[in-house]
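The sequence and structure are shown first.

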Amino acid sequence: MAVQRRQNILAVSLSLWILLLDTNVRARPANMSAPKDKSLANKDDNEILPPDHLNGMKMELDGHLNKDFHQEVFLGKDMEEFDEDSEPRRNRKKLIEIFSKVDFNKDHSVSAKEMQRWIMEKTEEHFQEAMKENKNSFHAVDPDGDGHVTWDEYKIRFLTSKGFTEKELAEKIKNNEDLKLDEETQDILESLKDRWFQADNPPADQLLNEQEFLSFLHPEHSRGMLKYMVKEIMRDLDQDGDQKLTVSEFISLPVGTVENQQGQEMDDDWVRERRKEFEDVMDSDHNGIVTMEELEEYMDPMNEHNALNEAKQMIAVADENQNHNLELEEILKYSEYFTGSKLMDYARNVHEEF
């Protein structure tokens, strides 16, 4: 029964994600992190649906690890400047410029404290970007501009984007008639409704203002919604229902079978990555169990202790001279880790350009 419940929940989560992707996008293996595909089936959907991916969060809403987390908290809003088509020399200059900003005391090296400060600044950038996007999204669902949106207004807006006519929907909702939705749409609507009422701050009035709508789309902006998100993830991954996670539950492969050797290798990599994340980061007291409190601490993007740990891990990846700091040559050599873009001839004219 628990396995079946988990499958149903994961199916709804994936359905929400699929709505945001172009219908012609090739399906990914079930055990890999969701790709950050920018092709969208419908702009209206993107405006009003909660995004599956939240920048600066260690874990996706479907329980997958965020593969781009290091780049997001290092680059902030500059992420798009380091796409695969950008010119290497320009990228190198940009990375040198970033290094000089992270190096707050200008001693030509970056300490863990400096990197922590930078990570917190970049996370705040993602927050500000989400707030800007939310303003546009809220206006899309609040055309009369009264500053509040009811669940029925949102439901009509959502279903209109699915091909229903607004007049027909309004009439049926008013008369409590069956909307005759397909099972997938009904499941998504129920999931959205649950999230909607969680975002409705007390006293509950079934209306969302702009700030509450921000919590609906971006739960990382609200302590209460962060707790709700953590409970949802725990429910998806907790196989025995004891409100705790073991490493075996966390590394358990999603529903699906491995069809070939390449798929097996991807599964093996996925298990190794999740085991390391569980043991080294999530399980803060190293007792083999991740509690709800530990998961919430892990998921909190503004947790300064997490930011310091992340800073130390990022430095350790490139710290070839083992001095616990990051020099310019090191960050250029490991540019792919920090930016997703590999630089050629990384050391050429480093000091002249710096």
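## Buried sites and nonpolar cores

Leaving out residues up to four places away in sequence, Thr 123 touches Val 73, Pro 301 and Met 302. The model is a predicted one. Thr 123 belongs to helix α5, which spans residues 112-141. Because the cut-off for burial is under 20% relative accessible area, Thr 123, at 2% relative accessibility, counts as buried.

Asn 303 is placed in the loop between α13 (292-299) and α14 (304-318). Asn 303 is likewise buried, with a relative accessible area of 14%. Apart from neighbours within four places in sequence, Asn 303 is in contact with Met 120 and Glu 297.

In soluble globular proteins, nonpolar side chains tend to be buried together. The largest nonpolar core holds 27 residues, of which Phe 74, Met 115, Leu 326, Ile 331 and Phe 338 touch the most other members. Two or more residues of this core come from each of α3 (69-75), α4 (88-102), α5, α14 and α15 (328-333). With 6 residues, α14 supplies the largest share. Ile 331 touches Phe 74, Leu 95, Phe 99, Leu 326 and Phe 338, residues up to four places away in sequence not being counted. A second, separate core has 26 residues, among them Val 141, Leu 159, Leu 192 and Ala 199.

Methods. Residues are numbered from 1 along each chain as its sequence is written. This is a predicted model: local features need pLDDT of at least 70, side-chain atom pairs count only at pLDDT 80 or more; totals for chains, interfaces and linings use all residues. Side-chain values use heavy atoms; hydrogens and water are left out. Helices (H or I, at least four residues) and strands (E, at least two) are DSSP runs, numbered from the N terminus. Buried means under 20% relative accessible area, exposed over 50%, partly exposed in between (1.4 Å probe, protein chains only). Contact means heavy atoms within 4.5 Å. A nonpolar core is a set of buried Ala, Val, Leu, Ile, Met, Phe, Trp, Tyr and Cys residues joined through side-chain atoms within 4.5 Å.
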